[in-house]
Amino acid sequence: MRVAVIQFPGSNCDTDCQAALASFPGVSAEIVWHKETSLAGYDAIVLPGGFSYGDYLRCGSIARFSPIMGAVRTAADAGVLVLGICNGFQILCEAGLLPGTLMRNNGLLFRCESLHLRVENTDAPFTSALRKGQVLEIPIAHGEGNYFAEPEILKQLEANGQVLLRYCDASGNVTTEANPNGSLGNIAGICSHGRNVFGLMPHPERVCDPILGGTDGRGLFQSMIEAVEKPKS
Amino acid sequence: MANPAITPELIAKHGLSPEEYEKVLSILGRQPSFEELGVFSVMWSEHCSYKNSRPELRKFPTTGPSVLVKAGEENAGVIDIGDGWAVAFKIESHNHPSAVEPFQGAATGVGGIIRDIFTMGARPVFLMDSLRFGSIEGDSDQAKTNRRLFAGVVAGIAHYGNCIGLPTIAGEVYFDESYSGNPLVNAFCLGILRHEQIARGAAEGIGNPVFYVGAETGRDGLAGAAFASRELTEESKADRPAVQVGDPFREKLLLEACLELLATDCVAGIQDMGAAGLTCSTCETASRGGTGVEIDIQLVPQRAKGQTPYEVLLSESQERMLVIVKKGREETVKQIFEKWDLPYAEIGVVTDDGQMRVRNGDEIVVDVPARALADDGPLYSREAAPFTPPAPLDLASVPPVDPLKALPTLLAHPSIASKRWVWRQYDHMVRTGTAVLPGSDAAVFVVREANKILAASTDCNAIYCKLDPSVGSRIAVAECARNLACSGAVPIGVTDNLNFGNPHKPENFYQLRAAVEGISEGCRAFNVPVTGGNVSLYNESPAGAIDPTPTISMVGRIDDAAHITTQAFKGQGDQIILIGDIGSELGGSHYLLAIHGRKEGAPPVLDFEKEIAIHNALLGIIRKGLVRSAHDCSEGGLAVALAESCFGTGFGASIDLGETGQRADVDLFNESQGRIVISVSSTDRSQVESELTSSGVPHRFIGTVTAVPDLSITTGPSVYIWPVSNLNEIFENTIPSLMEY
């Protein structure tokens, strides 16, 4: 399977995502420059973390105008899996491919640390290999990860089971203390109504190799890979 | 705008002494232009010329079989790490800018050191930093200022490192009154490259075009190098325009473009524009190439209209590079810069006459022999004051304090307390190589593309250096090596950042000389070369000079992932062994400072032979898979080391030191060197003990890792017990609660 990892100017988790994906058998991950205009032939698309355009304006608000974003939208509309991690999540929200927005952390400081996440829904191509209620330990690294959406939208997200991951404590309890950034409902990751676009603030690519202290990120990628491979076989 | 006339006042304002000006006249055979005066001023500043320190720096051991690029040859040294791979690394200070504008000062310090590394053709892979501030405790105006500086510096480092996507994986932060008004910000970067990728900062090839790429030149950072070579005063705030403004996004583009460019065969030479900007990069590349360089100021991309040639030459705007392109390959170069949306211009040519010549259109404003500027600057051997070694601490003058109270107080000292508040603001995991996170003895980083594991540590106990600069500097080297050994690494190279006061004062110059000699001795003992570094003098506020701070950063190599070792205890029932002696020295200790408010006595004795034997013995048992945890005893002594090994594990430790024949506070808090706390599984204990015995290093079994989460230490008849959670809370909460203002 071929995965495109989009490289925006200022992306800095592009090669990390590429290496994580390449650690799965049969996956070829290629870096695609943001000035490209086609994503034909790719089975999945990853928008990696980083500081696209320096994030000097609202995070992701310039990257969404990159030439490649037309192709990302076309692919998303056609049902291709699109995964946005951290800055990639911010870009997907700015592009309107996911609802809501990511504001400054409520503590105002950048936070990089390993945290616990509870899997809320496995009825999505990004979590299907996981168990509902499973607790994952995956690091965050962001200054703007405070998820916000209008109450009406939030209600729809919950009703449709679009919230896939929430910040929780080590035992899986969703508490205020476990919320690192003030996100509404402790939301760490959501998918689109069509379920093929997924954005999350934590960095699963950072926990795909035991030498880095964990492999809890693998399940998300594994789900994505299985979702692509299954219909093929 | 007409240039001012060259008067003695103007010369003095440029920091040139009458003798130095005479030398300028004899080099030129005429009076300099205003621009030339500025060019000499920055190039002959301490920051660029090392005129006060170079004779001392020659004492460093800089060679060895693994050295591919020696200290001082290029922007950073390069060390072979095997299989055709090499590392380039260096540390550099940004103290003065951070004192007047902490956020941008620190940010651009990070940006500058990253450029030094990718200028070598290396891909930067991680950062470290060594920071020092005045006390952040209390409500005084000074404490508030120090907190503002601390917060600003950390935010600035985070801003730059996080945005550019380099993990900050280790470092140190100390708080001491001597840094009030003059904080230290030393930033380290390491990059990785293939041997054949080493790039040179030389203007080679007569007739080759000279390209400028990166940010447009503005008026920021005007003559920053000269500013950095003065003492800080109350009026230094007016020097804020000498601080540059960083743009990490631009630097990310520049980094990627330069590495892409260097992978082609188009580049004859490359040099970043750091201190002294366009001036330094043109004359240094010409001097290294044995050529001349001629540029036209009017072709330089500029941010503001109406800048004078003087301003353009002396600007220290960030994120700029000078690239000497092989003639005929210009189109490829332009395509790469255009891909990355970077401003660029062909601004000149390499010439054969050895001159640095700057035109402003038709007018020649600078015409100086490049070599005279870059390499033939003045050199001074300053006077060193005679030094009397400090008297040993009179223990009778130190009233014993109950260890039960002293340990929490030590853990609450901001220099010892957890720095999580700092490193949580740094992305320390990007590039997915950080195998040991900040907070252990040394950070460990896996360089996937090279299949190599590196460890790095940065250390300097400036109290020891204040009391005895020679001993303190040797200890700084030994502590770095000890931290590496605790992580399972063998040292491969050192970079140093020499932070001192005004070298015209003989006591300061003695400190500089003694530190260089001490570091040299340490590096020879551990058989590691100094690959480069930085000298920052004039670190003085109106209250006086800082404590001498020769920061050492050491890089090591770990041969096998199975050897990676951390400080945290791993399992209940594991046996705790102290390698080294119980120790007895309280001179210069943090116990004396934090509990008794005294900075005195003689620092601990350092015995290199014993130290090396200990490191080798530890590495030997680590390689045999016998060591579950290892942590060195440093500030706060054995008790602090034991507490730190318990933190975050859920375990406690039950320790019995036996009958030591000395006071309990001496047992627990002395800072005698060469001591490492290890834990091993109970089945391996006898093998470990016999291995250590046959290595001839002192060691003793001192206790057990317990499921009961208490730290219990027995010494003689006395038993001290602390719940680990209480200690951990103090350790973790100190800095966050001080910073909630």
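## Working through chain B

Let's start with one pair: Gln575(B) has Thr704(B) as its bridge partner in β26(B). Keep in mind that this is a predicted model.

**Exercise 1.** Is strand β26 of chain B mostly covered or mostly uncovered? Then place it in its sheet.

*Solution.* 
- Step 1: Strand β26 spans residues 699-706. A residue counts as buried if 20 or more other C-beta atoms lie within 10 Å of its own.
- Step 2: Six of the eight residues in β26 of chain B are buried, so by that cut-off the strand is mostly covered.
- Step 3: Read off the strand order: β23-β25-β22-β26-β24-β27-β28 of chain B, an open sheet of seven strands with mixed pairing.
- Step 4: Check the ends. β23 (629-632) and β28 (718-723) of chain B are the edge strands, each pairing on one side only.

**Exercise 2.** Describe how helices α18 and α19 of chain B cross.

*Solution.* 
- Step 1: Know what to look for. Two packed helices are described by the angle between their axes and the distance between the axes.
- Step 2: The axes of α18 (residues 469-487) and α19 (residues 506-526) of chain B come within 7 Å and cross at roughly 35°. The crossing is right-handed.
- Step 3: Pick out the contact residues. α18(B) gives, among others, Pro469(B), Val477(B) and Ala481(B), while α19(B) gives residues including Gln511(B), Ile519(B) and Phe526(B).
- Step 4: Sort them by type: 10 are nonpolar, five polar and three charged.

**Exercise 3.** How many residues does each chain bring to the contact between chains A and B?

*Solution.* 
- Step 1: Chain B brings 24 residues and chain A brings 22.
- Step 2: On chain B's side, the elements giving two or more residues are α8 (141-164), α10 (248-262) and β14 (434-436).
- Step 3: That side of chain B divides into 12 nonpolar, six polar and six charged residues.

Technical notes: Residues are numbered from 1 along each chain as its sequence is written. Chains are lettered from A and ligands numbered from 1 in the order in which they are written. This is a predicted model: local features need pLDDT of at least 70, side-chain atom pairs count only at pLDDT 80 or more; totals for chains, interfaces and linings use all residues. Two residues are in contact if their C-beta atoms, placed from the backbone, lie within 7 Å. Helices (H or I, at least four residues) and strands (E, at least two) are DSSP runs, numbered from the N terminus. Ala, Val, Leu, Ile, Met, Phe, Trp, Tyr, Cys and Pro count as nonpolar, Asp, Glu, Lys and Arg as charged, and the others, Gly among them, as polar. Axes are lines fitted to C-alpha atoms, for helices over the stretch in contact, and angles run from 0 to 180 degrees between N-to-C directions. A crossing is left-handed if the near helix is turned anticlockwise from the far one by less than a right angle, and right-handed if clockwise. A residue is buried if 20 or more other C-beta atoms lie within 10 Å of its own, exposed if 12 or fewer, and partly exposed in between; C-beta atoms are placed from the backbone. Two strands pair if DSSP finds at least two bridges between them.
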